[in-house]
Amino acid sequence: MNFTRWSARLPGTQRRSAARPDRAAPASAVVPTGPAAPAPSGPPATVPGAVPAARAEHPDSDPSGDGPPAGPCRAPSVDALSVHDILGKVPALVAVVYGPEHRIAYVNGAYATVFGPRPPGATAREALPELDALGLLPLMDQVLRSGRPRTVKARRVPGGAGADQSRDGYYTFTCTPIEVAASGPAPDPEVACVAPHKGVLVFGADVTDQVESTERLRVSEARQRAAAVTLQRSLLPQELEQPDDLRVAATYQPGGTDAAVGGDWYDVITLGAGRTALVIGDVMGRGVRAAAVMGQLRTAVRAYARLDLPPHEVLQLLDGLAAEIDASQIATCVYAVHDPNEGRLVYASAGHLPILVRDADGTVLRAAEPTGPPLGTGGWLHTSGSVPLGPGSSAVLYTDGLVERRDKDIDHGVEALERAFAGATGAPDIVCDRLLRALGISTDHDDDVAVLVLQHPARTGHDAELFHNAALELHGGTEAAPRARAFASGVLASWRFSPELHDLGVLAASELVANSLQHGTPPMRLRLRRTDRRLIIEVTDGDDHLPRRRRAEPADEAGRGISIVATIASAWGSRRTPGGGKAVWCEFALPRE
């Protein structure tokens, strides 16, 4: 038996080898089978794997051999190609097996280089343990039964990286059904087969370079993602400010394993006089550019917040800034301000999802309009709205990654969040975790998620004794200043402050009232508020001209009141109030017990 010829049986290929009655039976051949093997065409070949003479004599050729053929020259047939010559020179791993036990018929030199020589006739389970380790034996059984080729990709072969045997290689193996034909009376020892058998051609293509390139790319993307996430987290607050009257927690989770993180952000900003600004936003797009734009917007929000402007004016300023930073980047944002004296959350939205508020009885409300277009679009006047947020209430601000799904409308996600928020109890950080779990947010979620939860606790017992409010309406006239001083002195005495703090508080109240009486217009009001951390004194009037601190000349009879307040207080400020007018305030930090 001679396993040296490959019969391709290509359509339209005509066998040129003539049958010779004095020759022995044809040599063994490996013939593809299965659906991919085309039926033979043309005149039948009597010697399927015959080798043509080294120099064929043709009736049209020149007998002398010195000149060109007298007639047309025929192209050589692929039937003349030697299997050994082909498979032996192929750099891929090739093994031919036959029969249900997958006995070895042939392995080429590349296969022997990687795995070592293999004895013909032995079963694959005994002599080809590497195929068993690679999980190919069950696949070969399947190929033998079905007659269809099968492929497994990028299997690791220890010490099989081509000529470099010091590192592992990766090969994609294709198992193709073939037929090992009958042999002649003199079996060739290279092929231990004496009868026609169905077999399998195992072809292993070296994909080590591709796998290593892919792995290098994956590692590079992982490094880029880690850098992007680090940048994103560094631009977010490292520690949230904790207001006196609110409990606040936030969480950020980058999306999936994509190297490009998004531009979600949040922030909590104490404004003074017990008021707190809460911000959440989302820069459209992904990657370091989105994170950089987010960082600039967040910094701008903190700067504008120090101006103590109404929420819609802050968004108006951000809208112009976003267009200047990058006209191609659009961002959504909610800016809200909580005033414990009013018991409301005043907010403005630039294309962002609605705030959800849960009342003390567990009812969840969705903050209604107004909602303007996203930041960076320009040409829109934003307006502010408000929603009640009294003691015992909670609110959640979030980005679209929490509620948006590819196969559902976003309103379904908001409704699911409402149901989850209605039953999410506990501290704000616990509520954040419960909302993420309820909405199915895991580490492989495909979008960034930012959540900000705030609670206005209902204080009772000892905690309630640390929070007090007192107010006095000022009607003007010469008696207004003495009445304000007497009111402040009595209130501060009842709150049992130290004599030093008592005197400083009365002085600050007197100066603020005197400034309002001189430069303001009715209605005027003095308000005192204490928390567990500070004493706040605030005077409001109907004039919207904001005071400023200035250096008074020795001959000046006025202009020293605000300077005195700024000197004795821990902080002071002023802001315009809704509907016209202004508020001027100062605060004193209470000593820690």
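The stops that follow cover a helix, some backbone features and several salt bridges.

This is a predicted model, in which local features need pLDDT of at least 70 and side-chain atom pairs count only at pLDDT 80 or more, whereas totals for chains, interfaces and linings use all residues. Residues are numbered from 1 along each chain as its sequence is written, and side-chain values use heavy atoms, with hydrogens and water left out.

**First stop: helix α9**

Select residues 410-423, which form helix α9. Helices (H or I, at least four residues) and strands (E, at least two) are DSSP runs, numbered from the N terminus. The expected span of a helix is 1.5 Å times one less than its number of residues.

Next, select D409, which caps the N-terminal end of α9. One of its side-chain oxygens lies 2.9 Å from the backbone nitrogen of D411.

Which residues of α9 are buried? They are G413, V414, L417, E418, A420 and F421. Here, buried means under 20% relative accessible area, exposed means over 50%, and partly exposed lies in between (1.4 Å probe, protein chains only). Show β13 (356-358), β14 (364-366), β17 (393-398) and α10 (428-438) as well: the buried residues of α9 pack against these elements, where contact means heavy atoms within 4.5 Å.

**Second stop: backbone features**

Move to P522 and P523, which are joined by a cis peptide bond with omega of about 0 degrees. P523 is located in the loop between α13 (499-519) and β20 (524-530).

Then select R496, in the loop between α12 (480-494) and α13. R496 is not a glycine, yet it has a positive phi of about 60 degrees. Is R496 buried or exposed? With a relative accessible area of 72%, R496 is exposed.

Compare D308, in the loop between α7 (288-305) and α8 (311-325). D308 also has a positive phi, of about 55 degrees, although it is not a glycine. D308 is buried, at a relative accessible area of 7%.

Side chains of opposite charge can pair when their charged atoms come close. A salt bridge is counted when a side-chain nitrogen of Lys or Arg is within 4 Å of a carboxyl oxygen of Asp or Glu. How many salt bridges does the structure hold? The number is 22.

Select E473 and R525, whose side chains meet in a salt bridge (3.1 Å, N to O). This pair links distant parts of the chain, with E473 in strand β19 (residues 468-474) and R525 in strand β20, 52 residues apart. E473 is partly exposed at 38% relative accessibility, and R525 is partly exposed at 31%.

Continue to R534 and E587, which form a salt bridge with the closest N and O atoms 3.1 Å apart. R534 belongs to strand β21 (residues 534-541) and E587 to strand β23 (residues 582-589); this pair too links distant parts of the chain, 53 residues apart. R534 is partly exposed at 23% relative accessible area, whereas E587 is buried at 9%.

Now select K582 and D543, a salt bridge with its closest N and O atoms 3.8 Å apart. K582 lies in strand β23 and D543 in the loop between β21 and α14 (561-568), so the pair ties together parts that are 39 residues apart in sequence. K582 is buried, with a relative accessible area of 3%.

Finally, select R275, D308, D339, R527, E538 and R575 together: salt bridges that share partners join these residues into one network.

Methods:
Polar contact = N/O pair within 3.5 Å; in protein donor to acceptor, adjacent residues only side chain to side chain.
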